Amino acid sequence: MSHLSEGGQPENDALKSDVRDFWNRASCGEELLLPSTDREGYLAQTRARYELEPYIPGFAKFKDARGLRVLEIGVGLGADHQSFAEAGAEMTGVDLTPRAIEHTRRRLELFGLKSQLACGDAEKLPFADASFDVVYSWGVLHHSPNTPQAFREVHRVLKPGGTARIMIYSKYSLIGLMLWIRYGLLRLRPWTSLTEIYDKYLESPGTKAYTVAGARQLCAPFASASIETVMTHGDLLTSEAGQRHRGLALSIARVVWPRWLFKIVAPKSGLFMLIECHKAASK
Ligand SMILES: C[S@@+](CC[C@H](N)C(=O)[O-])C[C@H]1O[C@@H](n2cnc3c(N)ncnc32)[C@H](O)[C@@H]1O
């Protein structure tokens, strides 16, 4: 089933249930990165994460969050949550899945760190208006069926003058191109749109990706937004692919993928769009 139509609430709820099921089978990166759920396992996952995605600490600005009230939406395995807590932030975290909340709770307990963690939905955050100095969300809001509503919720729960740091997927990415070659071109369906490709083949069903103009629309409630796209290990095929992708075609692609050329001619064609937006300060 495709999820491309702008559905009403019943469709939204059905898709969200599929998204929850997908991420509750394995939290993001679990099978690739996590040898075991003890301190060593989680430390190894953190190391591997920041080696593969070295732009995360610079974007998240963990150390600047000391003493601030930070909400993370979509905690996953909890590596960034741990980094914020270690930097001295006062942490709250939500995720759609019990699995991610259990991982993050266990992880923080193992390291003697504190956070208010609960299952929760980005589109209906269980917090009062103006509760947080910072809202952080990495690779999450594009999985939620009503992404504009999730952005409105981020704006609502931020204090005036607060900052949101959000990563969502960028539409014209090399990963998008790769998936289009595999699921469009090689299946003799070159008319398959990138929207359908992300919806059906990237990760959880209904995943979306945005142009810069589309991201600016999502940020409309905010006073300002800066947007940057980064090239990822997935775009350059320098790592294992995500949990859905395996096989001969991928092994061949790894050999023939012209990384050096893409870096020169399309340096902005990465999957990750890093958005920092600010809520207007009260007058
Ligand atoms: C790709 S993983 C990213 C997890 C983590 N931020 C990371 O970078 O590893 C996506 C996460 O978003 C969560 N998620 C998806 N839709 C959500 C929603 N509406 N509200 C809260 N969490 C959601 C999923 O359960 C999953 O844990």
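How many bridges join β4 to β5? Here are my notes, with that one answered in point 3.

1. **What you're looking at.** This is a predicted model, where local features need pLDDT of at least 70, side-chain atom pairs count only at pLDDT 80 or more, and totals for chains, interfaces and linings use all residues. Residues are numbered from 1 along each chain as its sequence is written.

2. **The sheet.** Look for an open sheet of 7 strands with mixed pairing, in the order β3-β2-β1-β4-β5-β7-β6. Strands and helices here are DSSP runs numbered from the N terminus (E, at least two residues, for strands; H or I, at least four, for helices), and two strands pair if DSSP finds at least two bridges between them. At the edges stand β3 (116-119) and β6 (224-230); each has a single partner strand, so one side of each has no neighbour in the sheet. From one strand to the next, the twist averages 15° (angles run from 0 to 180 degrees between N-to-C directions, with axes fitted to C-alpha atoms, for helices over the stretch in contact).

3. **Around β4.** The answer to my opening question is 6 bridges, and β4 and β5 run parallel. Of the 7 residues of β4, 6 are buried, so the strand is largely enclosed by the rest of the structure.

4. **Helix α7.** Now find α7 (residues 147-157), which lies across β1, β4 and β5 (158-169) and runs at about 150° to β5. Its buried residues include Phe-151, Val-154 and Val-157. "Buried" means 20 or more other C-beta atoms, placed from the backbone, lie within 10 Å of the residue's own. The cover over them includes β1, β4, β5 and α10 (212-218), where contact means C-beta atoms, placed from the backbone, within 7 Å.

5. **The ligand.** There are 22 residues around the ligand, and Trp-23, Cys-28, Gly-74, Gly-76 and Ser-144 come nearest (a residue counts if its C-beta atom, placed from the backbone, lies within 6 Å). Both α1 (9-25) and β2 (90-95) supply at least two residues of this shell.

Key: Two residues are in contact if their C-beta atoms, placed from the backbone, lie within 7 Å. A residue is buried if 20 or more other C-beta atoms lie within 10 Å of its own, exposed if 12 or fewer, and partly exposed in between; C-beta atoms are placed from the backbone.
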